[in-house]
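Reader: Could you walk me through a few features of this model, with the general idea before each case?
Author: Gladly; let us look at it together.

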Amino acid sequence: MANPTMLTYIHQEQATMLKILAAYPKAANQALQNLPEGADSWLMLGIGSSYNAALSAKYYMEKIAGLRIVLEQPYNYTHYEQIDPHLKVVLGISQSGQSTSTIEAINRFKDRPVLTIGVTSAPTKELGQATANTLDIGIGHERVGYVTLGFTATVLNLMLLGLRAGVERGVVTPAQEQAELAEFTTMANTIDTIVAATTAFFQQHEADFKAAYQFTGIAYGPSVGSIKEMETKFSETVRIPSDGQELEAFMHGPYLEINAEHRLIFVETPADAETLSKAQALRAYESTYTKHVFGISYLANAQPAANTLTLPAVADEMKIPFVGGIPFQVLAWLSTKARGIDLAHQIFTDFSAKVGSKTVLQQYV
């Protein structure tokens with residue numbers, strides 16, 4: 001690929017996720033070598049899209065493997081947080097393997113009896129050298145800095161790591177493991193459908209997205225990770241104020257910033273009746289203040305609505321974040337094209353060198 005784009009990698013997601021699933025459990029087994037006895041207390045460290053991917057996978061991992069996972073941003077963790085003496089496993093997540101704050105945080109555990117795992121697409125880079133084991137997310141080098149393929153692959157690999165940990169810990173039977181894999185495979189086979197449906201949805205609402213000056217995404221439960229990735233991806237590419245809010249948090253302050261031109265995107269996923277009712281009431285309320293209210297629905301038997309993107313239904317709320325970032329990737333890419341933003345023209349090219357966010361200058365197209 002001479003000049004790949006975000007869309008190039010988006011179109012690779014279905015085939016790549018199926019490849020990762022077909023190779024299971026090789027990568028997970030390598031990452032879990034020498035798993036400590038009773039390893040139910042885990043820490044995940046990541047920043048940006050890596051943090052969002054960890055948040056997307058956390059609830060599935062906890063439920064399937066009987067884990068308690070704490071998620072931290074590495075700089076604050078290194079400089080301000082105390083180490084939990086009960087900690088057994090630490091994951092440092094960096095697609096490039098060269099995020100300085102994540103490597104620094106991992107180095108706190110050099111002389112401690114914990115298993116350190118580097119989650120990365122570049123296992124030979126500095127993060128992999130700093131950790132005892134690595135979880136190779138299996139995508140190679142993604143040459144576009146606004147990661148798409150790598151984000152989805154990180155979410156899936158973390159979920160599969162949790163699944164395999166459940167087997168290792170004796171809380172998942174072989175039959176349950178195969179059933180989970182079958183569900184993930186079914187979902188992976190819908191990715192091209194998600195991309196096509198999101199593209200058609202954008203084309204229907206292109207003028208609305210093009211004229212937007214601010215986006216807020218609202219979700220609940222495991223899909224908060226997806227909406228945080230919307231915040232990251234829209235901020236990086238569309239380059240207008242964008243934020244992702246958990247449902248209840250939005251209702252305790254941020255709702256006051258809404259105005260007639262604000263664009264809202266609600267993510268609808270299976271949940272208990274109280275949560276669904278609260279989300280639907282909030283959407284109805286905000287629709288009286290702005291006509292620019294959109295939905296992305298994974299609900300079975302969802303009623304067609306002009307402003308709602310209805311995607312293939314997923315019964316397990318915990319698994320939805322596996323594909324939950326993809327519609328936002330597509331919407332971000334199409335919004336940049338509609339606005340005439342050339343992502344191949346890099347901006348702030350001296351940023352990493354001046355602030356030291358990476359161990360080496362990253363080369364992107």
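**Around serine 41**

Author: Beyond its neighbours within four places in sequence, serine 41 is in contact (heavy atoms within 4.5 Å) with Arg68, Asp84, His86, Leu87, Lys88 and Val89. This is a predicted model, where local features need pLDDT of at least 70, side-chain atom pairs count only at pLDDT 80 or more, and totals for chains, interfaces and linings use all residues. Residues are numbered from 1 along each chain as its sequence is written, and side-chain values use heavy atoms, leaving out hydrogens and water.

Reader: Is serine 41 buried or exposed?

Author: Buried means under 20% relative accessible area, exposed over 50%, partly exposed in between (1.4 Å probe, protein chains only). Serine 41 has 12%, so it is buried. Its place is in strand S1 (residues 41-45); strands are DSSP runs of E with at least two residues, helices runs of H or I with at least four, numbered from the N terminus.

Reader: In what order do the five strands of the open sheet come?

Author: Strands of a sheet pair through backbone hydrogen bonds, either parallel or antiparallel. Here the order is S7-S6-S8-S9-S10, with parallel pairing; two strands pair if DSSP finds at least two bridges between them. Strands S7 (242-246) and S10 (308-310) stand at the edges with a single partner strand each, so one side of each lacks a neighbour in the sheet.

Reader: Over how many bridges do S6 and S7 pair?

Author: Strand S6 (residues 215-219) and S7 pair over five bridges, in the parallel sense. Threonine 216 has aspartate 243 in S7 as its bridge partner.
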